[in-house]
Amino acid sequence: MGVLAAFAEGTNAPFLICVDAINETPDRRQWRSWLPQLKVDLIGQPIKLLITCRDIFIEDALGAAAGDLPSFMHTGFAGREYDAAYAFAAFYKVGPPAEVIAQPEFANPLFLHLVCRAAANMRWDRIPSGQISLTKLITAILDGANGKAAELLDFDVRIENPVRDGAQALAKAMGQKGVRQLPLADAQTILAGVRPSQGASRSLLRAMEEADLVSVASDSGALLLRFAFERLGDVLIAQASTTGQDKATVCTRFLSGDLAALVATPDAVSKNAGLIQAYSILLPELYGIEIADLLRKSQANFEITILALGVLAWRNLDSFTSLAWVLHHRRFVDLITVFDRVLAIAAVPKHPLNAVWLDSRLRSYQQLDRDALWTSTLKQSWEQRGACYQFVGIARRQDLTHLSAQSAFLLGIALAWFTASADLLIRDEASEALTRLLVAQPISPQLLASFIRCDDDFIRERMLNSAYGAGLLKQDPTYWGQIADIIFDAFFASGMPPENALLRDLGRLIVEEGIAADTMASKPAPATVQPPYVSAWPLHFKFPDWADLENAHPELPPNLKLGNQLQPDFARYVVEPAARDFSLAATGLTLARLNQWIVEQILAIDYDGSSKFALTYDWELINEHGMERGVPNRHRRVSKKHQWIFLARLLGRLHDHVPRVSPSQTALQAVKLRTFDPTDLSDDLTAPLPGVRTSDFFLGAPIRPEASSYRDWAAKLFVSPNIQLVGEKWLLLAGRQFWRYQDEASRHYLIAPRNVEAMLVPDAEMAALETSFSRFLPRSEIPELHSVYQGELSGSAALRANPNEWSFDAKFGIHASAIVTSFDASETSTHSLWVPASDLVTHNMARWDGARSWTDSSGEVIAAQIGHGDDVALVFDKTRLLAYLTAKQSRIVWIVSEKRHASIASEQVAKNDRDQVWSWSGKSLTKLFAEQIGYIDEGMIIAPDDSVQQDR
């Protein structure tokens, strides 16, 4: 203990001793004496103890010693079922499941252990999930355990199966007594009747314990045996109770016999949930009976139905003779729970209730009713870490390449429907998940064909956005051709593209990429997908003005009243800026009428009509979260979803019929409506160039001042060079560092920002550039590109369509880099990306890696963004840059800005600024310009303060 304590004191942190699975100690009761002594030994020591024990063994292992221990329940792999299955499969050297897993059983480590061991013993290629019934899986588990038992008990597995016989005998006894556990002595007698014992160490009981099929625990001094995995025990008990009985007998037992007590009331159903689920699996397989149909008149039918839906994944796929029982309960609140349960098997191929069924059911609902129902379902599933949360997490985090094509397509259907959610967090995370899936699996054409004509623009927008983003990331000419033909036929072949400006833009960009790749079968001309487009005109209104509309619809939520004089934020900050691009007066339209038109379209699709589902959902959301600006952005009304949809349609019409303030006939139409970058997927902040750091270029970072005043600290800026522009292999293309000291108590502040920007200037323009220094210094801010996707910065169709908005052009030459700013409105993690000029990328035939590097055709990195936050640099291969400069007869020109400022509170007391311009064309650096500005408040001398803290 002394050594451990000394180590802990040296690290200034407690030493943690972990003892895992004390229940597996050969004589686990020894912990009753070990633990109290260990606790005494640790008193006053900088040492902590963590022990784990399966809950059923706590009493047996620790007894009274557990009384004063703080404890918590580990929920296994809940919410990470797929991750766990993947890890267990790797350990047992079997393939991971070919389907996406969302079954709660896979959260249980013991179940995973049993399944993987059975898969290994049975020589299955993969972990079974939704493609095998639970009864067959349990048979495989028992047969696998029987093979291990044969090694202990020395029998021939081809002839004997005492493990299966023993399990069935125990289950029969439990069923007859109506219990889940048996006295150990009774269990031993039962098992000895199956196979006589040859001593405790070679008994059937010991073999079944070692196979983790049964466990023994103490309850008030009595030793009791139970099945270690409860689901296995439930199925075996249900099987034992129906063996040899016909359909009529079993039905009578449930309706009026001994089994009726299990389902008599909701409380009884809750108490016997596991057993009822076992029967819901067995009855269809054995008798063609759906338990929910059989007990249709039961007062607990809804609870029974929900339990039956909870084990859909474990049903024999041939046992579904009718699906009517699934939707017997049609109340709004009931349907939320029903759809939540069905989601778990959405990605299981051939399952009659998979995503194909879900897709069909959702399409059958009126759109606004569906929006309220579906968003409520997804939010419940998300908050409870259910199938929606799991599917999105799996697609965002896991390797999806091993999925079967069928399961990948079904997962794609589910994710596409998740993007219909009015809840922005779910929509954005599902969108990212969908893009990752489309990159990993060749299902984009199939999914696009399924959703390109659906009635929900929210889905179509994100479906096309993800397909487009996947194309930018894959950079595969064949891919563009495959999806471009589908888009062209659906959107442009008729000459009447969708009104929705976002859909137009995305469809156009996909087809233009297909044309550029020369892989389309239809070979359209670019002009066929470019503006001008055709749409209906003029706008039609039902009400002469906003007052009449409001009088006719008094129940509208306040933040849907876009035409009010006190405009909601959407009218003021979204519609108004979008409308500024058009000369509305030329057509007699006003901003107020545009807002009224949007609301009228929402009312026209029955927003406050007969069912009022969407209206009720919106008011409940407002009552829960309010409607002020402090409400989290994710919580959006159903009507807010349709505000965005009809704004996109309105913009399409305005582009077609209203003169623009700044005419640009072929530009993209909905750039301002972009809110989610499908190519901003990388969370990888690891160094793209190991061994290359920002400190290699930003030398001599400012340190805490030791001089008598801060003015001396500020003056040190001019003492020595602080920035390395050209290194041995890498050259600094752009960079930014922001360093600060701060002491909140004394309100003393020091800041030292440093910025580096570069231009690529033709030799012919250098004289004019140098002459310009007498009038102005070129901007020292790296250009920031807004509303462009990170994957669009390498010669994409988007850059060709919007050359003025996303340009690298400078007054002299071009900017050597830019910053693609992140989309602030997104609910997912977003990142700004520092990018080299597209000319540099194109010249080197480089491609972006989807994260922070650019590589040539051989895979060698030629450019990379290193660092993060306030310490970032974009570096470029020096040899490659020199080759570019030589070919272009140009040179690189840097504008370097450095500052040191000191202040008390908000008053500046000392500063020194230095701006320099340097050029390079392969030889030595040449200084073209330098300017220094200093300022000292002589009346204020600040002594260093030891309490000042450094924040890099």
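Which helix holds T135? T135 is found in helix α6, residues 134-153.

## About the model

This is a predicted model: local features need pLDDT of at least 70, side-chain atom pairs count only at pLDDT 80 or more, and totals for chains, interfaces and linings use all residues. Residues are numbered from 1 along each chain as its sequence is written, and side-chain values use heavy atoms, leaving out hydrogens and water.

## The whole protein

The protein has 35 helices and 19 strands. Both are DSSP runs numbered from the N terminus: helices are H or I with at least four residues, strands are E with at least two. The C-alpha atoms fill a box of roughly 105 × 80 × 55 Å along the principal axes.

Of the 952 residues, 55% count as buried. Buried means under 20% relative accessible area, exposed means over 50%, and partly exposed lies in between (1.4 Å probe, protein chains only). A contact means heavy atoms within 4.5 Å. Of the contacts with a separation of 6 or more, 72% join residues 24 or more positions apart.

## T135

T135 counts as buried because its relative accessibility is 11%. Its side chain makes a polar contact of 3.0 Å with the side chain of S133. Another polar contact, also given as 3.0 Å, links the side chains of T135 and E285. A polar contact is a pair of N or O atoms within 3.5 Å; within protein, one must be able to donate a hydrogen and the other to accept it, and residues adjacent in sequence count only if both atoms are side-chain atoms.

Leaving out residues up to four places away in sequence, T135 touches V235, Q239, I281, L282 and E285.

## Helices α21 and α23

Two packed helices are described by the angle between their axes and the distance between the axes. The axes of α21 (residues 424-440) and α23 (residues 457-474) come within 8 Å and cross at roughly 40 degrees. That makes α21 oblique to α23. Angles under 35 degrees count as roughly parallel, over 145 as roughly antiparallel, 65 to 115 as roughly perpendicular, and the rest as oblique.

Residues in the contact include R427, D428 and L434 of α21 and F458, E461 and R462 of α23. By class, the contact has eight nonpolar, four polar and five charged residues. Here Ala, Val, Leu, Ile, Met, Phe, Trp, Tyr, Cys and Pro count as nonpolar, Asp, Glu, Lys and Arg as charged, and the others, Gly among them, as polar.

## K612

K612 lies in the loop between α28 (591-604) and α29 (613-625). At 27% relative accessibility, K612 counts as partly exposed.

Terms used. Axes fitted to C-alpha atoms, helices over the stretch in contact; angles between N-to-C directions.
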